[in-house]
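Hi everyone, thanks for having me. Let's get the structure up on the screen, and then I'll walk you through a few parts of it.

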Amino acid sequence: MALTTMERLRSETVGIDVQAPLLSGGTRAFVNLDNASSTPTLRPIVEKVDEFIEYYTNVGRSTGFKSEVATWAYEESRSAIARFLGADPVADTVIVTRNTTESMNRLATLFPFKPDSVVLTTLMEHHSNDLPWRRRARVVYAGINLEGSLDMDDFAAKLREYRGKVALVTVTGASNVSGWVNPIHQLARLAHEAGALIAIDAAQIAPHRPIDMKKPEDPERLDFVAFSGHKTYAPYGAGILAGRKDMLHPAEPSLVGGGVVDLVTLDSIVWRGLPGREEAGTPDVVGAVALAAAAKLLEKVGWDNITRHEDELTAYALERLGRIPGVRVFGEAKSDGPGDRIGVIAFEVKGKSNQLVGAALACEAAVGVRCGLFCAHPHVFALLGLGREAQKHACGDASCGRIADLPGVLRASFGLYNDRSDVDALCDTLEAISRGEHAEYDSDPKTGECWPKGRPRLNPADYFSLMPRLPA
Ligand SMILES: Cc1ncc(COP(=O)(O)O)c(C=O)c1O
């Protein structure tokens with residue numbers, strides 16, 4: 001029988017067959033269920049990068065054939081990414097950064113806040129869409145519902161309470177903890193009605209749902225969007241900040257040096273226009289080309305194919321996890337919550353530390369997940385029902401370096417190449433773990449990290465060396 005598009009993508013996923021050692025002896029193909037952290041890349045993207053690297057030279061500086069091709073490829077990548085986001089060719093700029101974190105920091109630096117400006121965000125944000133704002137404005141947080149989705153009533157109430165002061169609303173497209181997708185266009189309409197602009201942290205949504213920034217005059221327009229290549233099948237170091245040129249143009253660029261100027265004398269500097277003035281130094285040309293190739297590939301595969309496959313896989317995983325005694329899923333679908341979620345599932349195994357479960361999944365079944373607080377500490381605290389007092393206690397521990405006993409949960413997250421066999425590997429092993437059928441583990445008293453009792457730690461140097469071959 002002919003393979004489906006998704007099956008073909010799985011076979012073209014780089015590293016899909018990498019063998020991981022098992023505690024019982026032997027190996028098994030590693031099951032990557034931490035795509036919310038980073039996705040692997042896909043063979044067609046690597047091929048595009050290999051093809052481009054033949055032309056690699058610096059861009060916008062050198063002369064000659066290769067530089068012309070490389071400069072064109074870089075600018076064409078920018079245009080492809082703009083189209084991927086539905087950015088406006090006139091009103092918006094697309095700045096190549098390193099990742100979402102840099103994009104959000106840069107937006108926070110450039111945005112023209114007033115001394116009493118308020119940023120309205122939510123309790124479900126990754127730290128990258130929280131901490132940069134704390135430096136620049138008063139930050140107000142809309143709450144979340146019990147199952148982790150955004151509390152729309154609280155969002156609207158906060159917008160009313162701080163009306164006239166909210167300069168910027170900034171929300172994640174989808175939660176990196178509970179997978180809930182936010183109604184970003186509805187939020188944009190509310191923000192604009194209140195006289196604010198809106199920024200979207202698209203790190204989690206970009207690989208799973210189409211993004212449309214919409215026309216500048218549309219009340220549901222997204223004013224700024226940030227995302228990362230390494231979460232979108234292009235782990236080559238580039239990220240993106242796209243959005244309103246007129247708001248990203250203070251007197252000076254955020255970083256200064258080569259590339260951001262048209263002329264420098266000892267007395268004066270003529271700054272370049274956007275996006276160049278925000279891309280100081282030599283840009284990540286290869287990363288941008290890879291990201292554009294990934295964007296084009298996702299569009300070619302088709303969002304219907306991607307969402308249908310990932311939704312089906314998420315439903316299957318939720319159903320299987322829900323049947324394992326002792327496993328608690330956070331943010332399980334509830335009829336009163338918004339229907340849409342991506343394949344990001346937070347869970348715990350009652351009575352077992354998240355680090356022990358993570359180690360048992362890795363060592364006994366070659367399954368990789370994420371443990372801990374997922375750089376979204378307030379969100380996980382809220383899901384765990386840990387109030388201010390418990391948080392204060394945890395802060396006390398952390399500030400003394402005692403991180404072993406911090407609260408935390410586990411997270412499984414899917415990419416378009418995962419299939420039911422991956423979910424089965426996770427759930428079959430969790431069934432055994434929840435029955436207590438797992439090896440014994442030692443744990444680091446400082447960090448809580450676990451490894452099989454009496455065994456040496458994994459030595460990565462046995463598997464990978466940085467030494468290139470010498471040309472024969
Ligand atoms: C929702 C969200 N925002 C921002 C980030 C930060 O992305 P990066 O590490 O690429 O800067 C992440 C990373 O996990 C994320 O999940």
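So, 17 residues surround the ligand, where surrounding means that a residue's C-beta atom, placed from the backbone, lies within 6 Å of it. The closest are Asn 99, Thr 101, His 126, Asn 176 and Ser 228. Sorted by class, this shell has 13 polar, 3 nonpolar and 1 charged residues. For that count, Ala, Val, Leu, Ile, Met, Phe, Trp, Tyr, Cys and Pro are nonpolar, Asp, Glu, Lys and Arg are charged, and the others, Gly among them, are polar.

Quick word on what you're looking at: this is a predicted model, where local features need pLDDT of at least 70, side-chain atom pairs count only at pLDDT 80 or more, and totals for chains, interfaces and linings use all residues. Residue numbers start from 1 along each chain as its sequence is written.

Okay, the whole protein. You'll find 13 helices and 19 strands in there; these are DSSP runs numbered from the N terminus, with helices being H or I of at least four residues and strands being E of at least two. The radius of gyration is 23 Å, close to the 23 Å from the globule rule for 472 residues, so the protein is as compact as a globular protein of that length. That radius is taken over C-alpha atoms, and the rule is 2.2 Å times the number of residues to the power 0.38. Buried residues make up 45% of the 472. Buried means 20 or more other C-beta atoms within 10 Å of a residue's own, exposed means 12 or fewer, and partly exposed is in between, with C-beta atoms placed from the backbone.

Now helix H9, residues 303-322. Which residues of H9 are buried? They are Ile 306, His 309, Glu 310, Leu 313, Thr 314, Ala 317, Leu 318 and Leu 321. These cover an arc of only 165 degrees around the axis, which puts them on the same side of H9. The arc is that of the directions from the helix axis to the C-beta atoms. On the other side of H9, Asp 304, Arg 308 and Glu 319 are exposed. The buried residues of H9 pack against several elements, including helix H1 (5-11) and helix H13 (420-434); contact means C-beta atoms, placed from the backbone, within 7 Å.

Compare that with helix H10, residues 354-365. There, 11 of the 12 residues are buried, so H10 is largely enclosed by the rest of the structure.

Last stop: the loops. Between strand S16 (370-372) and helix H11 (377-383) sits Phe 374, which has a positive phi of about 55 degrees although it is not a glycine. Cys 375, found in the loop between S16 and H11, also has a positive phi, near 55 degrees. Are these two buried or exposed? Phe 374 has 24 C-beta neighbours inside 10 Å, so it counts as buried, while Cys 375 has 18, so it counts as partly exposed. And finally, a cis peptide bond joins Leu 274 and Pro 275, with omega about 0 degrees. You'll find Pro 275 in the loop between strand S12 (269-271) and helix H8 (285-301).

Definitions and conventions: Two residues are in contact if their C-beta atoms, placed from the backbone, lie within 7 Å.
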